[in-house]
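Please look through the sequence and the model below before reading on. The paragraphs that follow move from aromatic rings to the chain as a whole, and then to charged pairs.

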Amino acid sequence: MSASRQKKLRKEQASAAPQTKRPAVSEEEKAAKRLKLWSIVFYIVIGLMVVGILVAAVFNSGLPQRMLTAVTVGNHKLSVAEMNYYFLDTVNSNSYLGYMVDNNTPLDEQEYGDGQTWADYLLETAVTSARDNYAIYDEAIANGYTLTEEDQAQIDQQIQTMETYASLYGYNSVSAFLRANYGAGCNESNYRAYLEVQAIATGYNNQIVEGLTYTQEEIDAEAAENPTDYTSYDYRYYLVSTSNYYETDADEHTEEETAAAKEAAQAAAQQLLDDSQGDGEKFWEAAHALMHANDGEEATGETAPEETTGETEPAETTGETEPEETTGETQPEETGDTTEEEDTHEDTTLYENTLKSSMPSILSDWLTDSARQAGDTTVIEASNDAGYYAVMFLGSNDNTEVPTVNVRHILISTSDSVTAEDARSQIEEIQAEYEEDPTEEHFAELAETYSSDTGSNTNGGLYENVAPGQMVEEFNDWIFADNRQAGDVGIVETDYGCHLMYFVGDGEYSYRDTLVVNALMQAEYDEWYTTLTEAMTTATGLGYGLVHTGVTVAAPSSAS
C-alpha cells in the first residue's frame with residue numbers, strides 16, 4: 001500500500017472514532033465540595049484555638065516561667081519566676097519611683113529614655129542586683145558559710161507573714177498570693193529558695209563588714225595622711241546672686257549686661273565682708289539686710305545645688321542622722337529695716353561641725369587650708385555666672401577630743417495611719433514589756449520585734465560610736481544629757497515618731513577615730529565588693545521577655 005493511501009486510511013479511522021466529552025458537574029456535587037473545604041478550614045481553626053487554649057493554660061500554670069531561663073548569672077540559671085522576685089523587689093525598694101512615673105500606666109508602657117521603658121531600666125537594675133547577690137552567695141558557699149538558725153527563723157517568719165496576707169486578701173495559699181503579686185510561676189517553694197539565697201548573701205556580707213578591724217596605729221596613720229577629711233569646720237557663707245543686679249527683668253541678657261551685674265554682685269559680696277569686720281554676728285546682719293533688699297527675688301543665701309557634695313555614708317547607715325551642717329545658732333535681734341509684718345528670714349549663713357565632704361566643693365579648698373584663722377574672709381566666684389560667695393571662716397576641730405556613745409532604740413514611726421499619740425501609746429506598751437525583764441538583751445530582742453527603724457532593727461536597735469550632732473536634736477539631747485548613765489531608759493519624740501531609748505555607754509572611739517574607721521572600712525569593703533561582683537558574668541536567656549514587668553507603681557502617700 002502506498003504511503004498516500006496509508007495516510008488517507010488513518011484520517012478515515014480517526015474521523016470514525018467515537019468523540020467523548022467530560023460529564024457535567026451537578027450543583028449537588030459542587031455544594032458537597034464546598035462543604036468539605038469549609039469543614040477542613042473549620043477543623044483547622046478549632047485546632048488552632050485548642051492549641052491557643054492549651055498554650056495559655058500552660059503559661060498560666062507557670063510551668064514555662066519556672067522552667068525557662070531568664071538570666072544566667074555565673075553558673076546559675078535564674079528562671080523567669082526568680083527574676084520576677086528581683087524585678088518587683090527592685091521596684092518596691094525605690095522609694096522615689098512613685099514621684100517619677102505615671103501611677104496609672106504600666107512601667108513597660110512608659111518611656112525612660114534612650115529608647116528604654118521604665119520596665120527596661122528597672123529590669124536591668126534587677127539583673128545587676130541578682131549578679132551582685134549571687135557573687136556574694138558563691139563566695140559565701142565557697143568559704144563554708146551556711147544559714148544560721150536565726151536566718152532560718154527569719155525566713156520562716158517571712159513565709160508566715162505571706163500566709164497572713166494571703167488569708168487577709170482572700171487567697172487560698174501563699175503560692176496563690178505570690179502568683180498574684182509577683183507573676184506566673186511564683187510559688188512558696190521558689191520564693192523560699194529566693195529568700196535563702198538573699199539571706200546567705202546578706203549574712204556573709206555582714207560578716208565581712210564586721211571582720212574589718214584596724215589598729216590604733218593604722219587609724220592614726222590615715223588621720224595624719226588626710227587630716228582635713230576628719231576635721232570639722234565652722235563657717236558662714238552667703239551667695240550674692242548675679243540675678244539681683246541686672247537692670248532689666250529680661251529673660252536673656254547681653255554679655256555686657258551680665259558682666260555689669262557680676263561686677264555689682266562681687267562688690268556687694270565684698271561690702272558684706274567689709275561690714276562684718278570678721279564678726280560672725282555682723283556677717284548675718286549684713287546678709288540679713290541683703291535678703292530684705294532682695295525680697296521677692298532672692299529669699300536666702302543658700303548655695304547652688306550643683307556645687308554641693310554629699311558625705312560618704314558609713315557601712316551602717318541610719319534613718320535618723322541629720323546632715324553634718326547644722327544651723328543651731330539663734331537668730332539675733334533684727335537691726336536692719338523692718339516692716340510691720342513678721343520677719344520670716346532664718347539664719348541660713350551659719351554652718352557648724354561640718355566635714356569637708358559635706359561642704360560646697362567650690363569653698364572647701366579655701367576653708368580647709370591649714371593656714372586659715374578665725375575671722376578670715378574671702379569672696380569666691382560661683383559657677384555659671386551665678387554670683388559670688390562671701391565666706392567667713394570661724395574655726396575648726398580635729399575631733400580627737402569629741403566623745404562618742406553607744407545607744408539602742410526602738411522606733412514606732414508616725415504616718416497617715418499612726419498618729420503621734422498612737423506611736424507613744426505603743427512605745428509605752430513596749431516599755432512595760434521591757435520592764436518585765438529590764439536587761440539590755442531583752443531590749444535588743446524587743447527592738448528586732450517592734451522597731452520600724454530599718455537602720456538598726458536587725459541588730460537590736462544598736463548605734464555605736466555616735467557623736468554629738470549626728471542624730472536629730474531630741475535624740476541627741478537625750479543621749480548626751482548630763483549624768484547619763486549606762487542602762488538608762490527613756491521615751492523621746494522626734495519628727496520620725498516615738499522612740500524608746502536605752503543608753504549603753506561610751507563609744508569605743510573618739511569622733512575622729514570613728515570617722516577614720518568608717519572611711520577605712522568603706523574603702524576596703526568597696527574594693528572587695530567591686531572586685532567580687534564585677535567578675536561575675538551575666539547573659540539573658542529565652543525567658544527574659546517573659547519577666548512580669550507590666551506593673552504599675554502606687555502613688556506616694558502624703559506622709560512620704
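Which tyrosines form one aromatic cluster? The members are Tyr85, Tyr86, Tyr182, Tyr191 and Tyr194, where rings of Phe, Tyr and Trp (its six-membered ring) are paired if their centres lie within 6.5 Å, and where planes under 30 degrees apart count as stacked, over 60 as edge-to-face and the rest as tilted. The model is a predicted one, in which local features need pLDDT of at least 70 and side-chain atom pairs count only at pLDDT 80 or more, while totals for chains, interfaces and linings use all residues. Residues are numbered from 1 along each chain as its sequence is written, and side-chain values use heavy atoms, with hydrogens and water left out.

By the pairing rule, the count comes to 26 aromatic pairs. One of them joins tyrosine 112 to tryptophan 118 in an edge-to-face arrangement, with 4.8 Å from centre to centre and 75 degrees between the planes. Tryptophan 118 is buried at a relative accessible area of 10%, whereas tyrosine 112, at 36%, counts as partly exposed; here buried means under 20% relative accessible area, exposed over 50%, and partly exposed in between (1.4 Å probe, protein chains only).

Turning to the chain as a whole, the protein chain has 17 helices and 13 strands, taken as DSSP runs numbered from the N terminus (helices H or I with at least four residues, strands E with at least two). Of its 560 residues, 38% are buried. Among contacts with a separation of 6 or more, 73% are between residues 24 or more positions apart, a contact being heavy atoms within 4.5 Å.

Asparagine 476 belongs to helix α16 (residues 473–479) and is buried at 13%, and, with neighbours within four places set aside, asparagine 476 is in contact with residues including Ala467, Pro468 and Met471.

The structure holds 13 salt bridges, each defined as a side-chain nitrogen of Lys or Arg within 4 Å of a carboxyl oxygen of Asp or Glu. In one of them, arginine 236 meets aspartate 347, with the closest N and O atoms 3.0 Å apart. Because arginine 236 lies in strand β5 (residues 232–241) and aspartate 347 in the loop between α12 and β6 (350–355), the pair ties together parts that are 111 residues apart in sequence. Arginine 236 is buried, with a relative accessible area of 1%, and aspartate 347 is buried at 8%.

Another salt bridge joins glutamate 381 to lysine 262, the closest N and O atoms being 2.8 Å apart. This pair links distant parts of the chain, since glutamate 381 is in strand β7 (residues 377–381) and lysine 262 in helix α11 (residues 255–276), 119 residues apart. Lysine 262 is buried, at a relative accessible area of 16%, but glutamate 381 is partly exposed, at 37%.

In a further salt bridge, the side chains of glutamate 493 and arginine 424 meet at 3.0 Å, N to O. Glutamate 493 is in strand β11 (residues 489–494) and arginine 424 in helix α14 (residues 420–435), and the pair links these distant parts, 69 residues apart. Salt bridges that share partners also join Asp220, Arg512 and Asp513 into one network.
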